[in-house]
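Here is a short report on a predicted model. It covers a ligand site, a loop residue and a helix.

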Amino acid sequence: MTFDTLNLHPKILQAVVKAGYSKPTKIQLDAIPEILKGSDLRASAQTGTGKTAAFLLPALNRLMNPPINASKGPRILVLVPTRELAMQIATQTEKYSKYLSQVKTVCVVGGVPYPAQVRKLSRPYDVLIATPGRLIDYIDRGKIDFSRLEMLVLDEADRMLDMGFVDPVKKIASCTPSSRQTLLFSATLQGIVIKLSEALLKIPVK
Ligand code: AMP
């Protein structure tokens with residue numbers, strides 16, 4: 001199987017070729033068609049399996065369609081447990097959107113000064129990658145307009161919950177449109193992760 005069979009936009013495929021990937025990994029083969037169909041998805045995937053591209057490529061593909069309204073807020077929100085992971089995902093988003101000049105990404109994490117982040121949030125953008133604590137800060141200050149959000153991704157959900165982010169994650173999800181597509185990726189799929197998935201996902205494909 002090659003990436004060409006996955007129905008991704010040619011400019012996204014161009015970035016995949018540029019990244020040097022010759023064929024999709026298992027999680028990419030399993031997840032990308034389901035995400036492109038619009039299904040909610042719950043996936044068990046460890047770091048190193050190619051899970052980030054498994055959600056970023058179809059997320060970026062969604063951005064090839066016009067937004068549902070003309071607001072400036074995110075169309076895709078990726079929530080992650082740590083600053084390091086957020087930055088890695090931001091780097092990968094830049095890599096896969098290399099030929100999509102209109103796609104703008106903002107990364108919002110704790111431990112860095114507010115002014116530069118606030119400036120970025122005041123301009124139109126498409127993809128928001130965030131850790132829960134800092135994002136709640138911005139939500140409470142009215143800095144995020146979720147009215148055109150189409151997709152919520154919870155990455156490393158088990159770590160996020162281990163770090164005590166269950167209520168922040170639920171609060172953030174409750175601020176987004178219920179029409180959104182929700183994807184949950186986790187190294188383990190049990191207990192509290194399944195409970196969160198039942199609370200936030202609609203008939204997920206596994
Ligand atoms: P991840 O599991 O998302 O942390 O990805 C691990 C590494 O695999 C990253 O450095 C990606 O750049 C790389 N990667 C993702 N998809 C592929 C692929 N289809 N072929 C080769 N490498 C890939």
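## Ligand shell

By class, how many nonpolar, polar and charged residues does the shell around the ligand have? It has three nonpolar, seven polar and three charged residues. Ala, Val, Leu, Ile, Met, Phe, Trp, Tyr, Cys and Pro count as nonpolar, Asp, Glu, Lys and Arg as charged, and the others, Gly among them, as polar. Tyr21, Gln28, Gly48, Gly50 and Thr52 come nearest of the 13 residues around the ligand (a heavy atom within 4 Å).

One lies 2.5 Å from a side-chain N or O atom of tyrosine 21. For a polar backbone atom of glycine 48, the distance to a ligand oxygen is 2.7 Å. For threonine 49, again at the backbone, it is 3.0 Å. The protein covers 71% of the 500 Å² of accessible area that the ligand has on its own (Shrake-Rupley method, 1.4 Å probe).

## Threonine 131

Threonine 131 sits in the loop between β4 (127-130) and α6 (132-140). Helices (H or I, at least four residues) and strands (E, at least two) are DSSP runs, numbered from the N terminus. Threonine 131 counts as buried because its relative accessibility is 7%. Buried means under 20% relative accessible area, exposed over 50%, with a 1.4 Å probe and protein chains only.

Not counting residues up to four places away in sequence, threonine 131 touches Val80, Pro81, Thr82, Arg83, Val108, Val109 and Gly110 (heavy atoms within 4.5 Å).

## Helix α8

Val169, Ile172 and Ala173 are buried in α8 (residues 166-174). Seen down the axis, the buried residues fall within an arc of 100°, so they line one face of the helix. The arc uses directions from the helix axis to the C-beta atoms. Asp167 and Ser174 are exposed on the other side.

The buried residues of α8 pack against β2 (76-79), α6, β5 (151-154), α7 (157-162) and α9 (192-200).

## Basis

Residues are numbered from 1 along each chain as its sequence is written, and side-chain values use heavy atoms, without hydrogens and water. In this predicted model, local features need pLDDT of at least 70 and side-chain atom pairs count only at pLDDT 80 or more, while totals for chains, interfaces and linings use all residues.

Key: Polar contact = N/O pair within 3.5 Å; in protein donor to acceptor, adjacent residues only side chain to side chain.
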